[in-house]
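This report describes a helix pair and a ligand site. The sequence and the model follow.

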Amino acid sequence: MVDGLGAPLAAPLFDRLALIGIGLIGSSLARVAKRKHLARTVVISDASTEVRAKAAELGLADEVAATAGEAVTGADLVILCVPVGAMDSVAQDIAPHLSVGAIVSDVGSVKSAVLAAMAKHLPKHVALIPAHPVAGTEESGPAAGFATLFVNRWCILTPPEDADAKAVKRLADFWTAAGANVEVMTPQHHDLVLSITSHLPHLIAYNIVGTAADLEAVTQSEVIKFSAGGFRDFTRIAASDPTMWRDVFLNNKEAVLETLGRFTEDLTALQRMIRNGDGDGLFNLFTRTRAIRRGIIQEGQEIAAPDFGRHRDDEG
Ligand code: NAP
């Protein structure tokens, strides 16, 4: 198929898939699971009555359960797609309802804190394998999802040290069938890598858009009118979900502060280059950074168009 998803599987990988939290990521997973026949039955649940109603209206799953406990009953794969700060309470809610041998995973953007929050509630008879699909848009909610969201994106699995290798492989196969490339690493390493590739860029975008909004000498209409000068690209990132990003920074504090420290030092060095008229220094840095973008395009993680390649090319 041209969109990279391929044909539905001849036999599903799981019998009953339960997705808790049916926003952008959960609804995208539901769509791809249905379309690719990744599970015999897809059941979804969400804390919000409105979201459950919308998900039912969109026909996202075979069943829409009123509670998370009901959704996970009998499931052999459970994936929590709720904000990072809600993982603890959802894990507590579902724990008594989980089947023996079930794989329990999540899609949270932070991994050490989520592993700790979930592990303390889950029974020994399930396999906890946290994961993070590095794919998304600035949209939220069940209508924002689409089946091809994970195609050619990385999904990072962060199994605990004593994880069952067979369960890790089954989850890796699930994400591969959803179109993703899978990599396995420790939760600590994940949090450090994502602090620089995702968390810090979001913090910088939130900050620059906030600064522009507060700059008295420049009017709001000028900020909007001349935004194509670079600002516009930051506003897309700074439009990301406030709940999600609040939870990311509260739960990846150490790695973000470490990366931020390094960033601040480099920013000070840039400040010095500007003050000293060090054109060679500026030129050399800008040449190195240009090469990084070209590398990302070559890896297929971006297209050359100036919208970060976040096209919504599939309504399914
Ligand atoms: P979203 O669109 O806001 O969806 C989250 C859904 O979870 C909402 O419908 C929310 O309902 C529901 N929810 C909140 N607390 C709940 C609870 N206790 N029980 C059941 N449902 C609950 O967010 P998202 O973008 O899909 O993000 C979900 C997860 O994916 C987050 O952990 C995030 O870190 C991770 N992630 C996001 C991206 C991205 O770019 N968006 C990328 C990769 C991973 P209400 O709206 O009523 O609160």
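Helix H7 (residues 187-214) and helix H9 (residues 231-238) have axes that come within 8 Å of each other and cross at roughly 115°. The structure is a predicted model. The crossing in which H7 passes H9 is left-handed. On the H7 side, the contact is made by Pro201, His202, Ile204, Ala205, Tyr206, Ile208, Val209 and Ala212. H9 contributes Phe231, Phe234, Thr235, Ile237 and Ala238 to this contact. Sorted by class, the residues joining H7 and H9 are 11 nonpolar and 2 polar, with no charged residues.

The ligand site is a separate topic. The ligand is surrounded by 26 residues, and the closest are Leu24, Ile25, Asp46, Val82 and Ser109. By class, this shell holds 15 nonpolar, 10 polar and 1 charged residue. Asp46, one of the closest residues, is the charged member of the shell.

| Residue | Protein atom | Distance to a ligand oxygen atom |
|---|---|---|
| Leu24 | backbone N or O | 2.9 Å |
| Ile25 | backbone N or O | 2.9 Å |
| Ser109 | polar side-chain atom | 2.6 Å |

On its own, the ligand has 900 Å² of accessible area, and the protein covers 79% of that area. Helix H1 (24-36), helix H4 (87-94) and strand E7 (131-133) are the elements that give two or more residues to the shell around the ligand.

Definitions and conventions: Residues are numbered from 1 along each chain as its sequence is written. This is a predicted model: local features need pLDDT of at least 70, side-chain atom pairs count only at pLDDT 80 or more; totals for chains, interfaces and linings use all residues. Side-chain values use heavy atoms; hydrogens and water are left out. A residue is near a molecule or strand if one of its heavy atoms lies within 4 Å of it. A polar contact is a pair of N or O atoms within 3.5 Å; within protein, one must be able to donate a hydrogen and the other to accept it, and residues adjacent in sequence count only if both atoms are side-chain atoms. Accessible areas come from the Shrake-Rupley method with a 1.4 Å probe; for residues, only the protein chains shown count as cover. Helices (H or I, at least four residues) and strands (E, at least two) are DSSP runs, numbered from the N terminus. Axes are lines fitted to C-alpha atoms, for helices over the stretch in contact, and angles run from 0 to 180 degrees between N-to-C directions. A crossing is left-handed if the near helix is turned anticlockwise from the far one by less than a right angle, and right-handed if clockwise. Contact means heavy atoms within 4.5 Å.
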